[in-house]
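Here is a short note for a colleague who is opening this entry for the first time. Please keep the structure in view while going through the points.

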Amino acid sequence: AEAEPSVDRFKAVRLWRVLCLTWLAYVACLVGRKPTSVARVELHNMGLSTFTLGLVDTAFLSTYSFGQLFYSVMDHRFSARVNISIALVGSAICVAAFAVSSMPSFLIVMWGLNGLVQSLGWPSCIKAISPWVGSGERGWVMGIWSSNQSAGGVIGNFMIAFLMGHFGWRAAFFLCSLCVAVVGLSCFGFLVDHPKQLQLSIPAQLMSGAPLSKAESNVSESESSFPAASMPATPETRLTLWSTLAVPGVLGLSVSYFCQKIIRYSLLFWLPFYICKVLGYDLIMAGYASAGFDFGGAVGTVLSGVASDYVGGGRRRVTMCAVFLFLLLLSLLTFSAFESTMKTSISVMVLLSAFMGFFSFSCDSLITGPIIQDIADRNGIYSQSSTLSGVIGGVGSLGSVLQGTLVASVERALGWAGVFHVLVGLALASLVAMASPLAHELRSGASGSEHSRSGGVV
């Protein structure tokens with residue numbers, strides 16, 4: 001009878017002070033990087049050249065990638081709560097500072113610093129969530145939680161556009177930075193890094209079955225099969241960049257994610273342009289039509305996460321991701337092949353765009369969420385899952401830096417048919433790179449334990 005209030009309290013804290021707060025935190029991260037995209041025309045009218053605007057983007061993406069690669073430096077020194085707060089408050093300061101100047105060099109530096117502090121966001125959120133989510137519910141919880149990527153893009157676009165329309169771009173940047181800072185301070189005040197901080201014992205009924213790894217089997221009975229992911233790591237278990245890449249499956253996963261990032265960012269940045277210039281739709285219609293890619297991504301993120309808990313009893317998430325990669329390859333080929341049909345049928349274009357978004361975002365959310373946690377779990381380094389997330393995300397972000405130059409160069413030499421052939425080739429390369437983590441999953445016999453299919457209640 002006494003256990004029930006404790007269980008209810010655990011569920012309430014996990015829902016509101018961990019899952020909802022970190023979901024909102026990453027939405028705020030995306031809101032903090034959207035202003036320059038939405039205000040691009042205003043910045044160009046202010047006198048910034050297209051080349052300078054490109055440098056602003058490159059500065060952000062480059063420092064973001066660098067920061068994620070060396071995330072372990074901050075991971076070893078501060079808790080997830082502190083790192084998330086640094087990411088958001090630091091981003092708010094950079095966004096506000098960007099709005100007070102018109103000097104190109106200053107704008108480039110500020111947006112580069114914004115990318116650096118924001119690199120703390122995603123891996124720190126993963127670190128904060130990990131000790132609260134068992135392996136039996138990892139897929140569906142992370143699938144729903146990862147919807148923040150799509151939601152953040154939509155909220156950021158609408159927020160900046162609305163504020164710009166009413167107050168001008170500089171005031172819009174200030175108000176945006178204020179919102180981001182409020183979320184950052186809220187995380188600092190209310191986020192709970194680990195159940196032990198509130199003297200909560202993790203309810204055993206939220207996950208049943210054998211533990212995933214030897215490391216997890218050493219957890220006390222009162223903690224059931226949840227690993228102590230946010231407990232301080234010992235010096236022996238701390239991972240550097242190179243030791244992280246040496247973890248079985250991580251190098252292959254990083255290379256695969258690098259190729260996937262090129263594909264996804266190429267479609268995110270260039271699909272409206274392609275719809276307008278090649279398919280012949282006007283700019284407004286191209287913008288609306290390309291939203292099919294984001295919509296498909298939002299659906300794919302949730303459904304793939306939920307399904308991953310059921311395919312192979314939650315033990316075949318890498319296999320599932322490989323299947324989605326193959327389907328992404330086919331969807332790219334189909335989209336390119338139906339160019340003439342899409343010129344006359346907007347419904348076909350939106351549908352095929354949605355399929356590309358579905359498979360692209362599904363792979364992304366699986367890799368950056370449950371698969372990383374599974375790999376850390378199987379190798380007995382669950383407390384270092386955030387470091388794995390930082391390194392894999394950092395290598396992937398290098399792809400987002402390269403996509404602009406790659407697409408522009410290939411389009412100039414081979415046309416848009418050539419661009420889609422290159423994207424298909426990258427999907428194939430990504431699939432080949434998955435061979436190592438796939439073999440590791442099959443050898444281990446599990447990416448999760450033979451657990452119950454029922455997860456905990458968020």
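1. Start with the source. This is a predicted model.

2. Next, the overall make-up. The protein has 21 helices. There are 0 strands. The chain runs to 458 residues, and 56% of them are buried. Look also at the contacts with a separation of 6 or more: residues 24 or more positions apart account for 84% of these.

3. Now turn to Arg17. Arg17 sits in helix H1, which spans residues 3–31.

4. Leaving out residues up to four places away in sequence, Arg17 touches Ala12, Gly189, Phe190, Leu191, Val192 and Leu198. Take Val192 from that list. In sequence, Arg17 and Val192 are 175 residues apart. In space, their C-alpha atoms are 6.3 Å apart. What does the side chain of Arg17 reach at 2.8 Å? The backbone oxygen of Phe190.

5. Cys187 is worth a stop. Cys187 is found in helix H11, residues 169–190. With a relative accessible area of 1%, Cys187 is buried; the cut-off for buried is under 20%. Which residues does Cys187 contact, once neighbours within four places in sequence are set aside? They are Leu21, Ala25, Arg81, Ile84, Ser85 and Leu88. Leu21 lies 166 residues from Cys187 along the chain, yet the two C-alpha atoms are separated by 6.7 Å.

6. Arg81, Ile84, Ser85 and Leu88 are contacts of Cys187, and helix H6 covers residues 80–98. H6 packs with helix H8, residues 121–129. Their axes are 9 Å apart, at an angle of about 155°. How do H6 and H8 run relative to each other? Angles over 145 degrees count as roughly antiparallel, and H6 and H8 are therefore roughly antiparallel. Their crossing is left-handed.

7. Which residues make the contact of H6 with H8? On the H6 side they are Ala80, Asn83, Ile84 and Ala87. On the H8 side they are Gly121, Ser124, Cys125, Lys127 and Ala128. By class, the contact has 5 nonpolar, 3 polar and 1 charged residues. Note Ile84: this residue of H6 meets H8 and also touches Cys187.

8. Helix H14 spans residues 250–277, and helix H20 spans residues 385–433. Their axes come within 3 Å and cross at roughly 45°. That angle makes H14 oblique to H20. The crossing of H14 and H20 is right-handed, whereas that of H6 and H8 is left-handed. The residues of the contact of H14 with H20 divide into 28 nonpolar, 13 polar and 1 charged.

9. Last, His440. His440 is in helix H21, residues 435–444. Is His440 buried or exposed? Its relative accessible area is 13%, so His440 is buried. Beyond residues up to four places away in sequence, His440 touches Pro248, Arg378 and Asn379.

Notes
Residues numbered from 1 in each chain as written. Predicted model: local features only at pLDDT ≥ 70, side-chain atom pairs only at ≥ 80, totals over all residues. Heavy atoms only, no water. Axes fitted to C-alpha atoms, helices over the stretch in contact; angles between N-to-C directions. Helix = DSSP H or I, 4+ residues; strand = E, 2+ residues; numbered from the N terminus. Parallel < 35°, antiparallel > 145°, perpendicular 65-115°, else oblique. Left-handed = near helix turned anticlockwise from the far one by under 90°. Contact = heavy atoms within 4.5 Å. Nonpolar A, V, L, I, M, F, W, Y, C, P; charged D, E, K, R; others polar. Polar contact = N/O pair within 3.5 Å; in protein donor to acceptor, adjacent residues only side chain to side chain. Buried < 20%, exposed > 50% of the residue type's maximum accessible area, 1.4 Å probe, protein only.
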